[in-house]
Structure formats: structure tokens, C-alpha cells
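Trainee: I would like to work through this model by question and answer. May we take the burial, packing and pairing of its residues in turn?

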Amino acid sequence: MRVPNSVVLPVGTHVDCCHEQEVAEKTHDIMARITAMLAERKSNLAHFIDNLEGSEDPKFYVDQWERLKEMESCTLTILNLVAVNCTDHRDIKKLEAAILEHVKNEELFPEVVRVLPPVYRQVEAAIVDIARSEEMADHGMMDLQYLLSKLSQHEHLAGLGRELLQDILRYLHRIGLVVWYEEIKHLESTVFLQPTFLITMFKLLVRYRLVQQLESIS
């Protein structure tokens, strides 16, 4: 919801635990809940923005207003849910085909037709090798300057500069190969080569409807 022009493909698993009619009903219910959630988010943002604009001293809330307006402008495209049985290899292939079909849609992903310089692919392959190496820690965190020095050890990347590497990291961040929070001062010099580690950490720290869950405890 905070990433501009996001595209989300909902995936429903455990189809093997449901009857065919249940799958259709649950699919409809999930899509309806998502639609309602997006509508509620839009309404809440509009309400917060109106409150700030109607305050006695709106100039004191310019930063908050700008953040809310930025969030309000983020478009979010929700694709039709794909229901799969994870124990059936044919369903996994069906999901893979659905993902590839959407990714090749230029209306959803305009950058799919972008031609990248060869150095982008070379750096991407080198980073994959580093992430898979035995010396790489499980958390996958690496200092940006150290990463540059490691990449420069490759003969064909000896002339790689920091500015070009940053451009490539922005691209690799967008496609999800790495995570690089360059806009956060304390993290701008750290590159996460193992995004799955961050996902695991976020799952431990961030929970859906956490406030409601806590309030339900007597």
C-alpha cells in the first residue's frame, strides 16, 4: 500500500482441504474483503487529510500532510486470486504461468520492455553468487562499500563505481532480488542480500490486526 503503482496477486492455498463450491465462495469472500479494506484505507486517509487541513494551525502539520497525500496517490492494482493446491505440482505450474502472464503485461509493468546494459546482469549474477557463498551470514546484511569491493574483484567488474552500483541496486531492489533502504539514513550503507530473512523478521514483529488481538485479551 506504500509502494507506488503496486501490483498484488492474491494466492489462496489449501484448495485440497475444500470442496469446489467452497473454493469459489472463499475466493469471492477474500476479494470482497480486499475491496472493502482498500475502500476503508482510502476513506481513512481522506479523513486524516481533512482533519489536518481543517486544524487551527495547518502549517505545523505540513510533513504529516505530505506523507498522507503521498500515500493517497499510491495506486494499488489487485489481480484476481489464484487458488492452488500446494501438494499438486500441476497447480504450482499453473501459478507460475499466471505470474509470468501478468509480468509480461506492459500495462501492469511498463518497465518489462526496458533493455538493461550488460553490466546490470553481470552485477546481478555476482550478487547472487555472493549471497549463496558459505561466507555469507544468514541475515544477508552487507556494507555497501564492502559489497562494491567484493564485486570489483571480478575481472569484468573491476571498473565498477559506487554511483553505477547504486543505480543497479535500485533496479535490483525494485525487482526484489535485494533490499536497499537508501532513503533511511541509518540503513543507506547496508544492503540486504537475503530479503527472505527480512520477511521472517517482519512476520515476527508485524501482525495483522495486532491491536485488536491485544485488546481482546482480558
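Trainee: Is Phe192 buried or exposed?

Mentor: This is a predicted model, in which local features need pLDDT of at least 70, side-chain atom pairs count only at pLDDT 80 or more, and totals for chains, interfaces and linings use all residues. Residues are numbered from 1 along each chain as its sequence is written, and side-chain values use heavy atoms, with hydrogens and water left out. Burial is read from relative accessible area: under 20% is buried, over 50% is exposed, and the range in between is partly exposed (1.4 Å probe, protein chains only). Phe192 has a relative accessible area of 5%, so Phe192 is buried.

Trainee: How many aromatic pairs does a search of the whole structure find?

Mentor: Rings of Phe, Tyr and Trp (its six-membered ring) pair if their centres lie within 6.5 Å; planes under 30 degrees apart count as stacked, over 60 as edge-to-face and the rest as tilted. Searching the whole structure by this criterion gives two aromatic pairs.

Trainee: Which class describes the pair of Tyr120 and Tyr171?

Mentor: The ring centres of Tyr120 and Tyr171 are 5.7 Å apart. Their planes stand at 65 degrees, so the class is edge-to-face.

Trainee: Which helices does the pair of Tyr120 and Tyr171 link?

Mentor: Helices (H or I, at least four residues) and strands (E, at least two) are DSSP runs numbered from the N terminus. Tyr120 and Tyr171 are 51 residues apart, and the pair links distant parts of the chain. Both Tyr120 and Tyr171 are buried. The helices are H4 (residues 118-132) for Tyr120 and H6 (residues 162-174) for Tyr171.

Trainee: Where do Tyr181 and Phe192 lie in the chain?

Mentor: Tyr181 and Phe192 form an edge-to-face pair, with 6.2 Å from centre to centre and 75 degrees between the planes. Tyr181 is partly exposed, at a relative accessible area of 21%. The two residues are eleven residues apart, Tyr181 being in the loop between H6 and strand E6 (190-192), and Phe192 in strand E6.

Trainee: What covers the buried residues of H6?

Mentor: The buried residues of H6 are Leu165, Gln166, Ile168, Leu169, Tyr171 and Leu172. Contact means heavy atoms within 4.5 Å. The cover includes H4, helix H5 (144-152) and E6.

Trainee: Which residues does Gln166 touch, not counting residues up to four places away in sequence?

Mentor: Gln166 lies in helix H6. At 19% relative accessibility, Gln166 counts as buried. With those sequence neighbours set aside, the residues touched are Leu144 and Trp180.

Trainee: What separates the C-alpha atoms of Ile127 and Leu193?

Mentor: Ile127 is found in helix H4 and counts as buried, at 1% relative accessibility. Beyond four places in sequence, Ile127 touches Leu147, Leu151, Leu169, Leu172, Val178 and Leu193. Ile127 and Leu193 are 66 residues apart along the chain, and their C-alpha atoms are separated by 7.6 Å.

Trainee: How many disulfides does the structure hold?

Mentor: A disulfide is a pair of cysteine sulfur atoms within 2.5 Å. The sulfur of Cys86 is 9.9 Å from the closest cysteine sulfur, in Cys17, too far for a bond. For Cys17, the nearest cysteine sulfur is that of Cys18, 6.2 Å away. The number of disulfides is zero.

Trainee: What distance separates the centres of domain 1 and domain 2?

Mentor: Domain bounds come from an automatic or database domain assignment. That assignment gives domain 1 (6-104) and domain 2 (118-202). Taken over C-alpha atoms, the centres are separated by 29 Å.
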